[in-house]
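New notebook page, new structure. I'll jot down what I look up as I go.

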Amino acid sequence: DANHHAFLLPANPDFKSNLVYPLFPTYLGSDYALQIGAQVISETTSIGWFDNNDYLTYTSANFGPTGTTKGIRINYAKSNDGGRVEVRLGLGTEGRLIGEFKPARTMGWGNYITAYFGIEEDVEGTQDITFVGKDTGGVLNLAWFELSDFSERSDVYSRIPVTEYADQSGIRFENVQSTNGDFTIGYYDNGDYVTYANVNFGPAGTTKSIDVSYAKANNGGRVEVMLGGADGTKIAEFSPAHTGGWGNWVEANISLDVDVDGIHDLTFVAKDTGGVLNLEWFQLSA
């Protein structure tokens, strides 16, 4: 059966509210208005048991004028592989699809990271928003989410932690190899990829390379750097060297093969072997 959080409807059908909903509020997982299948985790405000075809609806999300909201920041944990989250407008599971997120394993149901994924940018005004679980049991545990304009990435040379991804296939996040406890990408094998949304390369000639922090305890493998998704335009390639251990982090600079300007999604694709590298962060560079 569906669970509801109570809300009042005006008796007068011509009633117009003067409420102004703020841009980019934070919704806790438990702030839903309607749900099927999921449960609030005991003594928390997080959602668990979010399985295939379960859904969570949150009301009165202010997207602002057209083009204001570009994506969603989502804080989640996951101890298995697989599953998707569909993001739809309106109540229930049949509203307009505006985005999709494929959560990677975080090596524990209590290991929360924050990812950023893009949505269609023509959504405007105050809307109800629904997350729909797809493809598997245990799609994710949800702590909170908020709408975003990606203003954190307006600086051309901002450092982007690997957890702030938009799309992925095959990777996992772990915090056992990092020297400071941050989550890093591991289990990054041939054909796996990870995509980051709204990366600002600046005007033509501004960005000539990409700095990365990585570790590696084997030989072989390449990383192809693509504009857009995994099948996008290749702009660089990197052959990481053995660093002496999966927790021995070094920095490397990857030169771009073409001039890139403006804002793009950026994807790193693993090639040729298992264990291509562990990745901590990346940063565009002059």
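**Entry 1: Trp246.** Before anything else, a reminder to myself that this is a predicted model. I started by listing what Trp246 touches beyond its neighbours within four places in sequence: Gln177, Ala215, Lys216, Ala217, Asn218, Gly275, Leu277 and Asn278. Trp246 belongs to strand E21, which covers residues 245-255. Is Trp246 buried, exposed or partly exposed? Its relative accessible area comes out at 27%, and buried would need under 20%, so I'm writing it down as partly exposed.

**Entry 2: across to Lys216.** Trp246 and Lys216 sit 30 residues apart in sequence, yet their C-alpha atoms are 4.9 Å apart in space. Lys216 is part of strand E18, residues 209-216. Apart from neighbours within four places in sequence, Lys216 is in contact with Pro240, Ala241, His242, Thr243, Gly244, Gly245, Trp246, Gly275 and Val276. What about a charge partner for Lys216? I found that Lys216 is buried but has no salt bridge. The nearest side chain of opposite charge belongs to Asp189, 8.7 Å away, and a salt bridge has to be within 4 Å.

**Entry 3: an open sheet.** Next I followed a sheet of 5 strands, open, in the order E14-E17-E22-E19-E20, with antiparallel pairing. Which strands stand at the edges? They are E14 (167-169) and E20 (233-238); each has a single partner strand, so one side of each has no neighbour in the sheet. From one strand to the next, the twist averages 20°. Glu224 has Glu237 in E20 as its bridge partner.

**Entry 4: a hairpin.** E4 (residues 39-40) and E5 (residues 47-50) run antiparallel and are joined by 2 bridges. Val40 is opposite Ile47 in E5. There are 6 residues between the strands of this hairpin, and Glu43 takes a positive phi near 65°. E5 also pairs with E12 (residues 140-148), antiparallel again, over 2 bridges. There I found Phe50 opposite Leu140 in E12.

**Entry 5: the core.** Last stop, the largest nonpolar core. How many residues does it have? I noted 67, and those with the most contacts inside it are Tyr58, Ile129, Phe131, Tyr165, Tyr196 and Leu266. I picked Ile129 and left out residues up to four places away in sequence; among those it touches are Leu56, Tyr58, Phe63, Ile72, Val87, Phe145 and Leu147. Arg88 and Gly90 are also touched by Ile129.

Note on methods. Residues numbered from 1 in each chain as written. Predicted model: local features only at pLDDT ≥ 70, side-chain atom pairs only at ≥ 80, totals over all residues. Heavy atoms only, no water. Core = buried A, V, L, I, M, F, W, Y, C linked by side-chain atoms within 4.5 Å. Buried < 20%, exposed > 50% of the residue type's maximum accessible area, 1.4 Å probe, protein only. Contact = heavy atoms within 4.5 Å. Helix = DSSP H or I, 4+ residues; strand = E, 2+ residues; numbered from the N terminus. Lys, Arg positive; Asp, Glu negative; His and termini not counted. Pairing = 2+ DSSP bridges. Axes fitted to C-alpha atoms, helices over the stretch in contact; angles between N-to-C directions.
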